[in-house]
Structure formats: C-alpha cells, structure tokens
Amino acid sequence: MDRLKGKVSIVTGANSGIGKRTAEIFADEGSDLVLVARRLDKLKEVEAECAAKGVKVISVSADVSIYEDCQKVVKEAIDAFGKIDVLVNNAGIADKHRPITRIENDWWDHVIQVDQYSVYYMMKEVLPYMEKAHSGSIVNISSIGGVGCNAGISYSAAKAAVIAMTKNVAIQFAGTGIRCNAIAPGFIATDMTEKQGENKLLAFVPLGRMGQPEEIAQ
Ligand code: NAP
C-alpha cells in the first residue's frame, strides 16, 4: 500500500482489461489518476471505483492514435494536477492475424497508428514535464508478439517498435531520473483475447492457462 502515494499517473486504455486493473492497483497504492480511453461511460465506472479508494481521478475521452487527442490528455492532466509522474501506455488493439498478402493497407495503417504512434505521441507530450521535474517513469505495454513477431504482421511490427522506442527513450534519458520500460505480456484473459477465442490461444501457452490482468498490472 502507498507505494505511489502523492504520484500522478496517466493510464491509457483504462476502462478494460490490463489498463483497468492497472488503474485499480495504482489507486490502491495511492496514486492520483488520469484515465484515458475512447468510451467515456466505461471510463467513468473505473473512475468511480478508483475515487472510492480515496485518490483524485479524472477521465479523458481520447483516441490516442490522434496526436491532438494525446496533447489534450496531457493538458488536462497538467491543468488538474500540475505534474505527471507515471505514464502507462497501455491502450491497444489486436490484429486480424491475416497473411501479409491479404492485409488491407488501411488496416495496416490503423494498427500502426493505435499500437505504435500512440506510444510515441504520449511519450513526446509527457516527457517535457518529466524533464522539468528530473523524475518520471514510463511503462509501455508491448507484447510477446513484438518479441517473437508471430502475431499479425502489423501488430508484431507495432509492438516490436514499442520495444525499440522504449529502449531509445531509456537511453536518451539515462541518468536524468526518468526511466522507461516495456512489458511484453503473453496471452492475458481480457476482452481482447475473449474475442479471439481462449481455447484457440491456449494451444500456444506453455503455462497451460491464460495470464490475468493483475499479473501485468502489478
Ligand atoms: P482490452 O481489454 O481490449 O482493452 C483495450 C483498451 O484500449 C480499452 O480500454 C480501449 O478502450 C483502449 N483503446 C483501444 N483503442 C484505443 C484508442 N484508439 N484510443 C484510446 N484508447 C483505446 O485489451 P487488453 O488485453 O487489456 O490490452 C491492453 C494492452 O495490452 C494492449 O496494448 C495490448 O496490445 C496489450 N497486450 C494484451 C495481451 C492480451 O493477451 N490480452 C497480450 C499482450 C499485449 P476504448 O475502446 O474505450 O477506447
């Protein structure tokens, strides 16, 4: 308890799955929160749940694949709290798992924009405030698909890019008090994997069970 007391954390994709559990655990640990996703009604449910734990929470409806929306998120965070200590870049979408020859170029663009550009946009907007504070922690949610590159081609490319951007930012800010790390989960039981069919996915899981959002959020 209280490991994040006095901190302000932005969590994207906070109304579902890994992001929702992250928001709940951060609230348990005392962090004030800026919750981000497109569906405001679902975000408000998480906001109420986290606020009941005694922390301050705002919700910002934003599409993180759009640069101006990311600028809006950071502005609202600064207006409300005056600082940003933690950024969890978690929002993301799954791929269609189609062969490259059957991928529509629009779909490629869409996955890259949501799963890759969003991480770049949010880090670019948040880092000036962390630089001024000489302190901050960024956690980017990549995927095992970004390591083994065995998910859909656009998702694999985006999640590999998330790892590359994470390393680059960690190197750029080494020794400044700002840390940047990535997590590459395997299959976790969320809305994303439910849509893909758990039984089909379990065939690829050596552990023999789906991971839980809690295990990534912690
Ligand atoms: P989820 O339950 O489907 O949640 C996805 C979240 O992202 C939702 O809150 C969604 O809210 C938000 N989101 C999607 N597109 C967005 C956009 N354009 N702008 C803002 N928010 C957006 O999925 P999850 O499984 O928790 O996934 C979370 C992260 O973990 C993703 O980056 C995913 O790639 C990664 N991951 C998941 C697994 C897994 O097995 N579940 C494995 C490896 C990595 P709205 O729809 O309201 O915007």
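1. Helix α4, which spans residues 105-133, contains proline 128. The structure discussed here is a predicted model. Proline 128 has a relative accessible area of 36% and is classed as partly exposed, because that class lies between the limits of 20% for buried and 50% for exposed. Along the chain, proline 128 is 57 residues away from glutamine 71, and the C-alpha atoms of the two are separated by 12 Å.

2. Serine 59 belongs to strand β3, residues 57-61. Its relative accessible area is 13%, and serine 59 is therefore counted as buried, the limit being under 20%.

3. Glycine 13 lies in the loop that runs between β1 (8-12) and α1. With a relative accessibility of 15%, glycine 13 also falls under the 20% limit and so counts as buried. Valine 57 is 44 residues from glycine 13 in sequence, and the C-alpha to C-alpha distance between them is 15 Å.

4. The ligand is surrounded by 30 residues, and the closest of these are Asn15, Ser16, Arg38, Tyr155 and Thr190. By class, this shell comprises 14 nonpolar, eleven polar and five charged residues. Three helices, α1, α6 (153-172) and α7 (191-196), each contribute at least two residues to the shell. The largest share, three residues, is that of α7.

5. Which atoms of the protein lie 2.9 Å, 2.7 Å and 2.5 Å from polar atoms of the ligand? A polar backbone atom of valine 64 is 2.9 Å from a nitrogen atom of the ligand. A backbone N or O atom of isoleucine 188 is found 2.7 Å from a ligand oxygen atom. In threonine 190, a polar side-chain atom is 2.5 Å from an oxygen atom of the ligand. The ligand taken alone exposes 880 Å², of which the protein buries 96%.

6. The second largest pocket has a volume of about 420 Å³. Its lining consists of 23 residues, and those closest to the pocket centre are Leu4, Phe26, Val86, Ser137 and Val139. Two or more lining residues come from each of the elements α1 (17-28), β4 (86-89), β5 (136-141), β6 (178-183) and α9 (213-217). The lining of this pocket is made up of twelve nonpolar, six polar and five charged residues.

7. Rolling a probe the size of a water molecule over the atoms shows where empty space is left. How many cavities of 30 Å³ or more does the count give? The count comes to one, and the largest cavity holds about 30 Å³ of space.

8. The residues that line the largest cavity are Thr12, Val64, Asn89, Ala91, Ser118, Val119 and Met122. Four of the lining residues are nonpolar, three are polar and none is charged. The greatest contribution to this lining, three residues, comes from α4, the helix in which proline 128 is also found. Valine 64 is one of the cavity-lining residues, and a polar backbone atom of valine 64 is 2.9 Å from a nitrogen atom of the ligand.

Terms used
Residues are numbered from 1 along each chain as its sequence is written. This is a predicted model: local features need pLDDT of at least 70, side-chain atom pairs count only at pLDDT 80 or more; totals for chains, interfaces and linings use all residues. Side-chain values use heavy atoms; hydrogens and water are left out. On a 1 Å grid over the protein atoms alone, a cavity is a set of points where a 1.4 Å probe fits but cannot get out, and a pocket is an open set with protein on both sides within 12 Å along at least five of seven lines; lining residues have an atom within 4 Å of a point. Grid points are joined across faces, edges and corners, and a volume is the space filled by probe spheres set on the points. Helices (H or I, at least four residues) and strands (E, at least two) are DSSP runs, numbered from the N terminus. Ala, Val, Leu, Ile, Met, Phe, Trp, Tyr, Cys and Pro count as nonpolar, Asp, Glu, Lys and Arg as charged, and the others, Gly among them, as polar. A residue is near a molecule or strand if one of its heavy atoms lies within 4 Å of it. A polar contact is a pair of N or O atoms within 3.5 Å; within protein, one must be able to donate a hydrogen and the other to accept it, and residues adjacent in sequence count only if both atoms are side-chain atoms. Accessible areas come from the Shrake-Rupley method with a 1.4 Å probe; for residues, only the protein chains shown count as cover. Buried means under 20% relative accessible area, exposed over 50%, partly exposed in between (1.4 Å probe, protein chains only).
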